[in-house]
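Student: I would like to go through this structure and ask what the terms rest on. Please set each value against its definition.

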Amino acid sequence: QVQLVESGGGLVQAGGSLRLSCAASGRTFSTYAMGWYRQAPGKQRELVAGITRGSSTNYTDSVKGRFTISRDNANNTVYLQMNSLKPEDTAVYYCNAAITYRAAYPPRSYWGQGTQVTVSS
């Protein structure tokens, strides 16, 4: 089973930066599509940023230009660099891996435990 462990969350003032890390188990990490999701209190979990095995990226509009997702396949790690943080970025951030085991079936998802990001005004 794939295990994901997030780290790097914390309390930061508006305008500050944080770098989240997600360490993944698995022998074929380089083939995983990875993503960062977040969930604020009382709100639905949303995709923040995604990165494919080929390192193509996508972002939700609210973080474009501020957040950068990247991956280090040699270390089985995906990162989310968050700059110019705003109070509305406050949420629990979750790492996700989408893994294709069989070509004829949709990928399976695995989730980390989450890391809290709090941005003060």
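Tutor: Start with burial: buried means under 20% relative accessible area, exposed means over 50%, and partly exposed is in between, with a 1.4 Å probe and protein chains only. This is a predicted model, in which local features need pLDDT of at least 70, side-chain atom pairs count only at pLDDT 80 or more, and totals for chains, interfaces and linings use all residues. Residues are numbered from 1 along each chain as its sequence is written, and side-chain values use heavy atoms, with hydrogens and water left out.

Student: Why is C95 called buried?

Tutor: C95 has 0% relative accessibility, so C95 counts as buried. C22 also counts as buried because its relative accessibility is 0%.

Student: How do you know that a disulfide joins C22 to C95?

Tutor: A disulfide is a pair of cysteine sulfur atoms within 2.5 Å. The S to S distance of C22 and C95 is 2.0 Å, so the pair meets the definition. The structure holds one disulfide. In general, a disulfide is a covalent bond between the sulfur atoms of two cysteines.

Student: What makes the disulfide of C22 and C95 left-handed?

Tutor: The torsion about its S-S bond is about -85 degrees, so the disulfide of C22 and C95 is left-handed.

Student: Which parts of the chain does the pair C22 and C95 link?

Tutor: Distant ones: C22 is in strand β3 (residues 18–24) and C95 is in strand β9, 73 residues apart. Strands (E, at least two residues) and helices (H or I, at least four) are DSSP runs, numbered from the N terminus.

Student: Which residue stands opposite C22 in β3?

Tutor: E6 stands there. Strands β1 and β3 pair in the antiparallel sense.

Student: How do you know that β1 and β3 pair?

Tutor: Two strands pair if DSSP finds at least two bridges between them. β1 and β3 have four bridges, so they qualify as a pair. Four strands form an open sheet in the order β1-β3-β8-β7, with antiparallel pairing.

Student: What makes β1 and β7 the edge strands?

Tutor: Each of them, β1 (4–7) and β7, pairs on one side only. The twist of the sheet averages 15 degrees from one strand to the next; here axes are lines fitted to C-alpha atoms, for helices over the stretch in contact, and angles run from 0 to 180 degrees between N-to-C directions.

Student: Why is the pair K64 and D61 called a salt bridge?

Tutor: A salt bridge is a side-chain nitrogen of Lys or Arg within 4 Å of a carboxyl oxygen of Asp or Glu. The closest N and O atoms of K64 and D61 are 2.9 Å apart, so the pair meets the definition. A search of the whole structure finds four salt bridges.

Student: Are K64 and D61 buried, partly exposed or exposed?

Tutor: K64 has a relative accessible area of 48%, so K64 is partly exposed. D61 has 61%, so D61 is exposed.

Student: How do you know that D89 forms a salt bridge with R66?

Tutor: Their closest N and O atoms are 2.8 Å apart, so D89 and R66 fall within the cut-off. The pair links distant parts of the chain: D89 is in the loop between β8 and β9, and R66 is in the loop between β6 (57–59) and β7 (67–72), 23 residues apart. D89 is buried because its relative accessible area is 1%, and R66 is buried because its value is 10%.

Student: Which other salt bridge does D89 form, and where is its partner R38?

Tutor: The side chains of D89 and R38 meet at 3.0 Å, N to O. R38 is in strand β4 (residues 33–39), 51 residues from D89. Both D89 and R38 are buried. R38, E46, R66 and D89 are linked in a network of salt bridges.

Student: What makes D89 and K86 a polar contact?

Tutor: A polar contact is a pair of N or O atoms within 3.5 Å; within protein, one must be able to donate a hydrogen and the other to accept it, and residues adjacent in sequence count only if both atoms are side-chain atoms. The backbone nitrogen of K86 lies 2.8 Å from a polar atom of the D89 side chain.

Student: Why is T115 called buried?

Tutor: T115 has a relative accessible area of 10%, so T115 is buried. T115 is found in strand β11 (residues 115–120), and its side chain reaches the backbone nitrogen of G9 at 3.2 Å.
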